[in-house]
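Let's take a walk through a protein together, one stop at a time. Please have the sequence and the 3D view open as you read.

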Amino acid sequence: MSAIQRIVIIGAGTMGHGIAQVAAACGMKAALHDVDEAAIQKGLDAVARNLQKGIDRGKVTEEQRDATLANLSGAPDLAAAAAEAQLVVEAVPENLELKRKIFGHLAEVCGADTLLASNTSSLPVGKIAEGIAHPERVVGMHFFNPVHLMALIEVVKADTTSDDAVDRAVAAGRAMGKDPIVVRDAPGFASSRLGVVLGLEAIRMVEQQVASPEDIDKAMTLGYRHPMGPLRLTDLVGLDVRLAIAEHLHRELDSEAFRPPELMRRMVAEGKLGKKSGQGFYSW
Ligand SMILES: NC(=O)c1ccc[n+]([C@@H]2O[C@H](COP(=O)([O-])OP(=O)(O)OC[C@H]3O[C@@H](n4cnc5c(N)ncnc54)[C@H](O)[C@@H]3O)[C@@H](O)[C@H]2O)c1
């Protein structure tokens, strides 16, 4: 199993720039691509800011910052960069058709043994790989936000994914300082399926006036040592984002546990989306 020397990240947004940062920090040559050239520069600037914050907090040395930035570059020409990479991680918006188009293109420009990974949080990895040459090297590498701070990576194995691809994705995740879990390509993988069900039940408890949002959250932070309660977390993720995931899982898993509560629908309709709108279960 050869280590990854060159990685390309497609999509320089919230997740893409973070993935580029952790790859560059562990010594990989990381090339960041985006359809929008301005977004590439924005992504590179965001990495530089993250590293500066790390220095200010005493978590990153100036040498580490310099080494990370030296490993990082923008890649306006995707085909040229991807042809040289051992790993390509896609982090474009959560849209199946868009991702399928990108993987179709990658299959044409990359070598047959280049590992192709999607950072999708909910789409079936098997569907993303469908119809392309060598689908056995397509795997999910689901990072968490903010990538440079969150320890988990979920490696998703589709029915078509080879064991070798899973092993390489796990090794790459470890090299980037992450602690991998391997999950079958089932709706919601492991993280979203468990996290969302807890959030939905907490909302039902608010609906039924079991306790205040603060106290329901406290039950989990103090009683179960969760770093954050399920309602505060729902506010941070965005009620609209979680509603979409809940609808998807309710459909796919055919389980009442994922039926979105009326209160959640009402809050989304009223624009109470959580932190990003200033109001959710908490005022921000
Ligand atoms: N935001 C999160 O907390 C989070 C967490 C885990 C996984 N994810 C997943 O990561 C992926 C990316 O999410 P994000 O929040 O970083 O999105 P984002 O909107 O912040 O960034 C997406 C970037 O992709 C670029 N893009 C669009 N079409 C493109 C194309 N054809 N080629 C190249 N670049 C293109 C956009 O210009 C944008 O810069 C999604 O699949 C999402 O579900 C997100």
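In which loop is N119 found? N119 sits in the loop between β5 (115-118) and α6 (125-129). Here helices (H or I, at least four residues) and strands (E, at least two) are DSSP runs, numbered from the N terminus.

Before we go on, a word on where this comes from. The model is predicted, with local features needing pLDDT of at least 70 and side-chain atom pairs counting only at pLDDT 80 or more, while totals for chains, interfaces and linings use all residues. Residues are numbered from 1 along each chain as its sequence is written, and side-chain values use heavy atoms, leaving out hydrogens and water.

Back to N119, which counts as buried at 8% relative accessibility. Buried means under 20% relative accessible area, exposed means over 50%, and partly exposed is in between (1.4 Å probe, protein chains only). The side chain of N119 reaches the backbone nitrogen of F143 at 2.8 Å, and a polar side-chain atom of N119 lies 2.9 Å from an oxygen atom of the ligand. Both are polar contacts, meaning a pair of N or O atoms within 3.5 Å; within protein, one must be able to donate a hydrogen and the other to accept it, and residues adjacent in sequence count only if both atoms are side-chain atoms.

An N or O atom in the side chain of D34 is 2.7 Å from an oxygen atom of the ligand, and for the side chain of K99 the distance to a ligand oxygen is 2.7 Å. The protein covers 74% of the 830 Å² of accessible area that the ligand has on its own; such areas come from the Shrake-Rupley method with a 1.4 Å probe, and for residues only the protein chains shown count as cover.

How many residues surround the ligand? There are 22, and the closest are M15, D34, E94, K99 and S121; to be counted, a residue needs a heavy atom within 4 Å. The largest share of this shell, 3 residues, comes from α5.

Now look at the charged pairs. The structure holds 13 salt bridges, each a side-chain nitrogen of Lys or Arg within 4 Å of a carboxyl oxygen of Asp or Glu. Among them is the one between R100 and E130, whose closest N and O atoms are 3.4 Å apart. R100 lies in helix α5 and E130 in the loop between α6 and β6, so this pair ties together parts that are 30 residues apart in sequence. K157 forms a salt bridge with D163 at 3.7 Å between the closest N and O atoms; K157 is partly exposed at 26%, whereas D163 is exposed at 53%. E90, E94 and K99 are linked in a network of salt bridges.

The peptide bond from N145 to P146 is cis, with omega near -5°, and P146 belongs to the loop between β6 and β7 (152-157). R225, in the loop between α9 (213-223) and α10, has phi near 60°, a positive value in a residue other than glycine. R225 is exposed, with a relative accessible area of 76%.
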